[in-house]
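Thanks, everyone. Let me put the model up, and then I will walk through a few places in it.

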Number of protein chains: 2
Amino acid sequence: MQDLTRLSRELNYEFKQESLLKTALTHRSASSNNNERLEFLGDSVLGQVISIELYLHFPEASEGELSRMRSSLVRGDTLAIVARELNLGDYLNLGSGELKSGGFRRDSILADAFEAIIGAVYLDSDQQTTHKFVLHFLGQRLEKCDPNSVLKDPKTRLQEFLQADSEPLPEYHVVAIEGQAHAQTFEVECHINRLDETIKGIGSSRRKAEQAAAQQVLEKLGL
Amino acid sequence: MQDLTRLSRELNYEFKQESLLKTALTHRSASSNNNERLEFLGDSVLGQVISIELYLHFPEASEGELSRMRSSLVRGDTLAIVARELNLGDYLNLGSGELKSGGFRRDSILADAFEAIIGAVYLDSDQQTTHKFVLHFLGQRLEKCDPNSVLKDPKTRLQEFLQADSEPLPEYHVVAIEGQAHAQTFEVECHINRLDETIKGIGSSRRKAEQAAAQQVLEKLGL
């Protein structure tokens with residue numbers, strides 16, 4: 001783990017209790033005193049900050065539009081981009097297993113660590129400071145959100161399309177799971193009535209594989 | 001809608017902007033100026049308050065235990081109980097369709113309205129006041145939570161049981177959907193490799209039907 005002074009500068013926040021930052025950077029593979037509880041806390045603080053800001057910033061947006069904008073801002077992909085901009089990977093404390101598997105590059109570990117840092121900032125300071133901390137990293141992305149252009153996810157779009165035609169809901173089945181516990185690949189089949197063939201999606205989680213399959217079906221349908 | 005003075009007393013909070021409370025009590029069936037945006041806001045504030053309190057109150061609980069306790073506290077069933085204790089149903093502004101269908105008794109409408117009230121309190125006051133407001137209604141339930149006795153949901157338990165034996169994940173298929181848009185019944189089949197028969201679950205949402213089916217499978221397996 002590198003010197004945390006540089007990280008503090010990048011975070012634009014200096015911890016009074018540096019031990020909180022250290023815990024936030026510790027993956028469960030490295031220690032039982034890890035960042036999982038802080039991630040739980042940070043995730044909820046992040047959710048509230050983003051929800052409040054979206055509510056105030058988009059007075060005309062519907063609840064559905066607000067929810068989709070929030071999802072796009074707090075999802076792992078987005079937080080991993082922020083974490084990579086901060087070079088968080090250089091500061092993570094990972095077990096040897098994760099190091100060998102190249103796990104420190106993995107988006108979810110980075111995103112989780114960033115959420116844990118939000119939790120740590122909250123415990124180290126107060127609501128208002130944490131609010132500003134979150135906006136420092138996500139405020140610009142939030143302002144650039146467009147309620148109309150945040151696409152629904154593929155599963156939702158497929159479901160709504162079929163419901164509009166009063167057709168049965170799509171069926172998703174996991175047909176294969178490969179790999180070790182923390183690096184699994186899921187293969188999911190999606191079947192809808194109007195297509196004879198079942199269509200496959202692959203992803204690193206069941207959810208992602210289902211979304212991938214739904215996306216393929218949408219494309220097959222020309223949507 | 002009844003006089004809001006009594007409700008203010010029951011809520012233990014007096015609104016400076018009574019229009020916020022009125023909006024929080026207005027279902028989408030009654031007006032386009034309804035409580036959906038406030039519900040979005042209140043849901044996230046509720047999530048943060050409960051997360052922080054659980055984090056502080058259960059220093060030994062794991063992230064998984066904290067998540068399960070949070071789910072049990074913020075889920076619709078729990079919030080509907082609180083809403084019924086407040087007789088929120090008496091104050092709701094519902095469209096004639098919802099009134100006729102007896103919709104005003106429905107748990108989800110009550111739970112949503114309670115979340116919207118939390119959002120309204122937040123806009124009318126500040127973080128600290130809202131925090132206390134939430135704890136006034138959920139604090140005792142929170143303190144009574146036991147990290148060890150909050151059972152995982154049936155789908156999770158079934159999945160973990162099968163994974164421990166390296167068996168394929170269960171498959172869930174929706175086999176029937178009956179009823180009108182806002183009062184549907186879902187029928188879901190659950191299939192696992194080690195049982196020849198498929199087992200059915202019924203519920204008011206796909207998720208609930210899947211949980212019901214998983215519960216039946218667990219019982220079949222003697223778990």
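Start with B:Asn12. On the cut-offs: buried takes 20 or more other C-beta atoms within 10 Å of the residue's own, exposed takes 12 or fewer, and partly exposed is in between, with C-beta atoms placed from the backbone. B:Asn12 sits in the loop between α1 (4–11) and α2 (18–24) of chain B. Its phi is positive, about 60°, although B:Asn12 is not a glycine.

A word on conventions. This is a predicted model, so local features need pLDDT of at least 70 and side-chain atom pairs count only at pLDDT 80 or more, while totals for chains, interfaces and linings use all residues. Residues are numbered from 1 along each chain as its sequence is written, and chains are lettered from A and ligands numbered from 1 in the order in which they are written.

Next, B:Asn87. This residue also has a positive phi, about 55°, and is not a glycine. B:Asn87 lies in the loop between α5 (76–85) and α6 (96–100) of chain B. With 13 other C-beta atoms within 10 Å, B:Asn87 is partly exposed.

Now the chain as a whole. Chain A has 10 helices and 3 strands. Helices (H or I, at least four residues) and strands (E, at least two) are DSSP runs, numbered from the N terminus. From the N terminus on, the order is α-α-α-α-α-α-α-α-α-β-β-β-α. The C-alpha trace of chain A spans about 60 × 45 × 25 Å along its principal axes. Of the 223 residues in chain A, 38% are buried. Take the contacts in chain A with a separation of 6 or more: 56% of them join residues 24 or more positions apart. Contact here means C-beta atoms, placed from the backbone, within 7 Å.

How do the two chains relate? A rotation of 180°, with 0.0 Å of shift along its axis, superposes chain A on chain B at an RMSD of 0.1 Å. The two copies are thus related as by a two-fold rotation axis. The superposition is by least squares on the C-alpha atoms of residues with pLDDT of at least 70 in both copies. Which residue of chain A comes closest to the rotation axis? A:Gln48, with its C-alpha at 3.2 Å.

On to the interface. 22 residues of chain A are in contact with 21 residues of chain B. On the chain A side, α3, α4 (63–74) and β1 (171–178) each supply at least two residues. The largest share, 12 residues, comes from α3(A). By class, the chain A side has 9 nonpolar, 8 polar and 5 charged residues. The classes: Ala, Val, Leu, Ile, Met, Phe, Trp, Tyr, Cys and Pro are nonpolar, Asp, Glu, Lys and Arg are charged, and the others, Gly among them, are polar. 95% of the interface residues of chain A are also interface residues in chain B, so the copies meet through the same surface.

Look at the α3 pair. The axes of helix α3 (residues 36–57) of chain A and helix α3 (residues 36–57) of chain B come within 9 Å and cross at roughly 155°. Axes are lines fitted to C-alpha atoms, for helices over the stretch in contact, and angles run from 0 to 180 degrees between N-to-C directions. α3(A) and α3(B) are therefore roughly antiparallel. The contact includes A:Phe40, A:Gln48 and A:Tyr55 of α3(A), and B:Phe40, B:Gln48 and B:Tyr55 of α3(B). Its classes are 10 nonpolar, 8 polar and 2 charged residues.

Within chain B, α3(B) also meets helix α7 (residues 107–124), with axes that come within 7 Å and cross at roughly 80°. These two are therefore roughly perpendicular. The naming rule: under 35 degrees is roughly parallel, over 145 roughly antiparallel, 65 to 115 roughly perpendicular, and the rest oblique.

Last stop, B:Leu169. It is in the loop between α9 (154–164) and β1 (171–178) of chain B. B:Leu169 is partly exposed, with 17 other C-beta atoms within 10 Å.

Terms used. Two residues are in contact if their C-beta atoms, placed from the backbone, lie within 7 Å.
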